[in-house]
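Here is a short tour for anyone who likes to check geometry by eye. Have your viewer open and follow along.

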Amino acid sequence: MPDTMEPVTTPRGAWSIAGAVAGAAGLAVGHAMTMALTLRSSPLVAFAEAVLRRVPEVADDRMGTLIGPQSRGPLVFILVLVALLFSMWAGRLAERSWWQPLLIWLGIGGVCLVEIVLSAERTALDFLPTTAGTVTSIVLLSFVSEPLHRIEDESDTPVDGRSRRSFIIRSGVMGAAGIGVAIYGESFGKKRRHVEQTRRLLNLPVSNPHVPEGVVLGVEGMAPWRTPTPEFFIEHTAVATPTVEPLEWSLRIHGMVDHEIVLSYQDLIDRRIRERWATLSCAKNPVGGDKIGNAWWSGVRISALLEEAGVTGDADAVLQTSQDGWTCGTPLASMLDPNREAMLAIAMNGEPLTLDHGFPVRTIVPGLFGHVSACKWVVDLEVTRFADIEANPTKEGWAEMGPVLIGSRIDVPEGGTEFEAGVVSFAGYAWSQRIGISGVEIALDGGAWQGTELGTVPNQDTWVQWRADVDLPAGDHTVRVRAIGSDGTIQTGVQRDAKPDGATGWHEIEVSAT
Ligand SMILES: Nc1nc2c(c(=O)[nH]1)N[C@H]1C(S)=C(S)[C@@H](COP(=O)(O)O)O[C@H]1N2
Ligand SMILES: [Mo]
């Protein structure tokens, strides 16, 4: 019997749906990723903002501002619609061609990428959401439309509806997944905005003093003695910055103690707030690097809390845990020492900690590298023994004890600068936390070490400015610096990589004079 079935073709609507699902899922992934990475704006939103920045405001006497910043919402809505229409078109093109839809996705992704390239403050991360969204659309279109191709290929054989069902299931599941991803992104973004707002509204009992007299030697071009918070290095393993509401925050102190202590944020603020200048340094900081900063910290003394808890037995460590699960092991003695003033810090430079620096509470233990002491978003302190724990950085091969090593750096001039022969000012920083700096010396072209002028310091845990005037004869020169500790320790010139104990070696720059 002859086959009486009509040749099966796919309705064009199905191809449009495939395109729309793929496009919407791409937008959702871009949005969710932006929120999860806590970046500025989602790809299309950033594009809308860029458009509005370039279009002059249009105002009408009677109707008020027609086009301006408040047009962002409607513009984003229009852009999403346009993107979806293009996506539907891409879906239709997919019926006949594999590369034409690609052009459309790359076009949509492309305009967003161009906007990012043109924006002033961008990092490599900013490119991720757009790229991921574009790739999602490309992959999903081929996945969702694959059953449609099957229907067309089998157009002269009876179709039992399997491919149709498969198409409906695939587009339904992917559409739902896209909605789920978008909702996740929205809620994450909301949480972040909410925590940012709580932070802004906080009025903490902390001070924000001027930098002390005499610490700054007045050489231009140096990193500021007090590192402004936006310039302070950020170092953490979390991909998405944890967002912790102060009201949700609590800290548990337990382990080898007589009485467990649980503190709320309010409990912390109600205690005596101590404040001090301290330099924080990362073990990853290379010789001459800037993974080191100096700030005014406000918080509560950990030694007092540990005394209240009553440390027992042969404990020698405190395992700190962050809200994001990161752990670090801190020598117990460094936290019990009242002179060191290890603190649960709530503020940095007179403001609540920023989210990236550990809001609402982080630890600061002067003189220890960040990976053994400076736990951000800290929620748990367990008094324990080093023999019984292995903290995250130790697993990765970083030193367990982590005292900051004596060090020094040349800030000015920049390496490679050309001068006229004559007197040139050199300046930079030196540090020897817990001990203090008694001198900083520089040497020209490997010659004799000569002393430099030092700034004052409020305590031994901050870095020290140094400066020296050097008479440069014509020619190429190397200048190196070394620090001398108050205990007589001379900074070693032996070059050593940062891992595991921190980098050593003299910082050296090359300059020339004509
Ligand atoms: N939760 C958490 N805290 C952390 C880290 C981390 O990865 N996660 N990194 C540590 C390291 S290695 C350093 S050097 C300091 C850096 O602090 P900052 O980002 O405020 O400069 O944070 C420490 N605290
Ligand atoms: Mo670090």
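Domain 2 brings 21 residues into contact with 17 residues of domain 3, where contact means heavy atoms within 4.5 Å. The protein chain is divided into domain 1 (2–199), domain 2 (229–395) and domain 3 (407–513), with bounds from an automatic or database domain assignment. Taken over C-alpha atoms, the centres of domain 2 and domain 3 are separated by 31 Å. About 1,500 Å² is buried between domain 2 and domain 3, and carbon and sulfur atoms give 58% of that area. Buried area here is the accessible area (1.4 Å probe) that two parts lose on being put together, summed over both. Of the area that domain 2 buries against domain 3, 34% is supplied by Thr279, Val287 and Ile292, more than any other three residues.

A word on conventions: this is a predicted model, so local features need pLDDT of at least 70 and side-chain atom pairs count only at pLDDT 80 or more, while totals for chains, interfaces and linings use all residues. Residues are numbered from 1 along each chain as its sequence is written, chains are lettered from A and ligands numbered from 1 in the order in which they are written, and side-chain values use heavy atoms, with hydrogens and water left out.

Now to the rings. How many aromatic pairs does a search of the whole structure find? The search finds nine, counting rings of Phe, Tyr and Trp (its six-membered ring) with centres within 6.5 Å; planes under 30 degrees apart are stacked, over 60 edge-to-face, and the rest tilted. The rings of tryptophan 249 and tyrosine 265 are edge-to-face, because their planes stand at 85 degrees, with the centres 6.4 Å apart. Tryptophan 249 lies in the loop between helix H6 (162–201) and strand S3 (250–255) and tyrosine 265 in helix H7 (residues 265–270), so this pair ties together parts 16 residues apart in sequence. Helices (H or I, at least four residues) and strands (E, at least two) are DSSP runs, numbered from the N terminus. Elsewhere, Trp225, Trp277 and Trp296 form one aromatic cluster.

Several residues discussed here have the following relative accessible areas; buried means under 20%, exposed over 50%, and partly exposed in between (1.4 Å probe, protein chains only).

| Residue | Relative accessible area | Class |
|---|---|---|
| Tryptophan 249 | 3% | buried |
| Tyrosine 265 | 5% | buried |
| Serine 408 | 4% | buried |
| Proline 413 | 7% | buried |
| Asparagine 349 | 7% | buried |
| Arginine 434 | 24% | partly exposed |

Serine 408 is in strand S13, and a polar contact of 2.6 Å joins its side chain to that of glutamine 491. Such a contact is a pair of N or O atoms within 3.5 Å; within protein, one must be able to donate a hydrogen and the other to accept it, and residues adjacent in sequence count only if both atoms are side-chain atoms. Proline 413 sits in the loop between strand S13 (407–412) and strand S14 (418–419). Leaving aside residues up to four places away in sequence, proline 413 touches Phe419, Ser425, Phe426, Ile509 and Val511.

Finally, some backbone details. The peptide bond joining phenylalanine 359 and proline 360 is cis, with omega about 5 degrees. Lysine 499 to proline 500 is also a cis peptide bond, with omega near 5 degrees. Although not a glycine, asparagine 349 has a positive phi of about 55 degrees, and arginine 434, not a glycine either, has a positive phi of about 75 degrees.
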